[in-house]
Amino acid sequence: MEWLSKVLLSTLLLLSVHTVGAQDEPIVILNETDTIRPTKYIAPLTEKPKLALFQGFTLSADILGPIIYLFSDYGSTEAALRLNLKNTYFPIIEVGYGKCKSTDVETNISYSTSAPFFRAGIDFNILKNKYMDNRLYVGARFGLSSFKFDMSGPNMTDPIWGGSSPYSYHDAKSTSSWMEFVFGVQVKIWRNFHMGWSVRYKQELHIGQPSYAKPYYIPGYGTTTDTSCWGGTYNLIFDLNWGKRKVKSGE
Amino acid sequence: MKRLFGILSVLALVACSSNNCPLENIVTCNYHFYDREGVAIKYGDTFTVTTLLPGTKTVYIYRKLGYTTVTVDRPDTAYTNAGYTETIATARRDTVLINKASNRSYVQVPMSYYNKADTLVFAYSSISRRDTIIVQHDAYPHVELPECGTHFYHNLRSIRATDAAIDHVEIVNPLVNNEKKENVKIYFNGVVE
């Protein structure tokens, strides 16, 4: 009996010693396959405020077309109104007036037209940072022009059977359409004033033509020497902040 | 920046202007040859194509019994010295469009600007008879590009032919322009074996 009481007392003492030790230093049992991993650092959240859908309108005018007209037979002047959605999507309407008056030095065939044109499309800001005032964009346009043209040339003489008649047509009607693929840049100059340029690849969709002539120049498109052509604009741009909200309300 | 400069250089090169007129900037009606069954052939006989022109001309006809009658535009004393009888007559003016062609699968023939119908005369070396093809058409002027000049395009309305060597003729593409498409099929007598 005395022996049993000694064993119980010593066992209780051992347990009490281990319990005191566990409060100072935890016991960690590592398997051989375990590895120690570094703790991942999670930065505090700094979320930018969400942009409102409507970011205002942009008004722009092209100055390259009139300059080209000073040094060539054709040119155009145009203005555009662009809607800014989230600084990302830019539906756009372009309206302009094209003019051409040319005479080929070899064939002596003259062509003249002057008429308005219309384009509608959308640009997409491809910069990752949508909060910047500078923009790099790609876009597409559908162009349309309904116009009249004059074309005349030397008399046409039949070299075999004989006979001759003048080649002269006035107010020939044409309605033509085309597509444009746009790449452009826009840089903030001062406050709401921006400047930028665009390069455009244009593809004919439909060229309305009478039997006696294909229109040589289509206002807004350019010359029809091929079924596609390149064009460009250099724009003066002004942001109109009508009703613009930078950040979504309530956020 | 280098990449942007490269792209702009390519764009500048592409934007260079060039003459876009077709190399063969001539409008012709294209007659392709077939046998009676419709098999494309090369016509082996030598042939000349002439067309009638507006107006008349004086011709000299030399005849001799047992010899082929000869018609020429100018008097020729060689025939009278050889015993031919000379007759002066009036005939339609004509001109040669294709001279002594042979082994051809097609011919390209110009069309008149201001006539409603063209008359083509096919003369063969191996047979004495000739074929006449009359093609009616509407002609209209056209300018594709000012740098390419003016042309007359045509719409073929109808065609008919005699039957010396030709079986029949058929319009397959009525629009005659400078695209060089086949416009008329001429089916000759006989079948290729």
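This is a predicted model: local features need pLDDT of at least 70, side-chain atom pairs count only at pLDDT 80 or more; totals for chains, interfaces and linings use all residues.

Trainee: Does B:T46 count as buried, exposed or partly exposed, and why?

Mentor: A residue is buried with 20 or more other C-beta atoms within 10 Å of its own, and exposed with 12 or fewer. B:T46 has 15 C-beta neighbours inside 10 Å, so B:T46 counts as partly exposed.

Trainee: What does A:S168 count as, and why?

Mentor: A:S168 is placed in strand β6 (residues 164-190) of chain A. The C-alpha atoms of A:S168 and A:P154 are separated by 8.5 Å, and the two are 14 residues apart along the chain. Because A:S168 has 13 C-beta neighbours inside 10 Å, A:S168 counts as partly exposed.

Trainee: What pattern does chain A follow along the sequence?

Mentor: The secondary structure of chain A comes to two helices and 10 strands. Of the 251 residues in chain A, buried residues make up 25%. Among contacts in chain A with a separation of 6 or more, 63% are between residues 24 or more positions apart. Along the sequence, the elements of chain A follow α-β-α-β-β-β-β-β-β-β-β-β.

Trainee: Which residue of β10(A) stands opposite A:L59?

Mentor: Strand β1 (residues 54-62) of chain A is joined by six bridges to strand β2 (residues 74-85) of chain A, running antiparallel, and A:S60 stands opposite A:A80 in β2(A). Six bridges also join β1(A) to strand β10 (residues 228-240) of chain A, again antiparallel. In β10(A), the residue opposite A:L59 is A:F238.

Trainee: Which strands stand at the edges of the four-strand open sheet of chain B, and why is one side of each left without a neighbour?

Mentor: The four strands of this open sheet come in the order β5-β1-β11-β9 (chain B), with mixed pairing. Two of them have a single partner strand each, so one side of each is left without a neighbour in the sheet. Those edge strands of chain B are β5 (106-109) and β9 (166-171).

Trainee: Which residue of β11(B) stands opposite B:Y34?

Mentor: Strands of a sheet pair through backbone hydrogen bonds, either parallel or antiparallel. β1(B) and strand β11 (residues 184-188) of chain B run parallel and are joined by four bridges. In β11(B), B:Y34 stands opposite B:Y187.

Trainee: Which element gives the most to the side of chain B that touches chain A?

Mentor: The contact takes 24 residues from chain B and 23 residues from chain A. On the side of chain B, the elements that give two or more residues are α1 (2-14), β2 and β7 (130-142) of chain B. That side divides into 14 nonpolar, eight polar and two charged residues. With three residues, the element that gives the most to it is β7(B).

Conventions
Residues are numbered from 1 along each chain as its sequence is written. Chains are lettered from A and ligands numbered from 1 in the order in which they are written. Two residues are in contact if their C-beta atoms, placed from the backbone, lie within 7 Å. Ala, Val, Leu, Ile, Met, Phe, Trp, Tyr, Cys and Pro count as nonpolar, Asp, Glu, Lys and Arg as charged, and the others, Gly among them, as polar. Two strands pair if DSSP finds at least two bridges between them.
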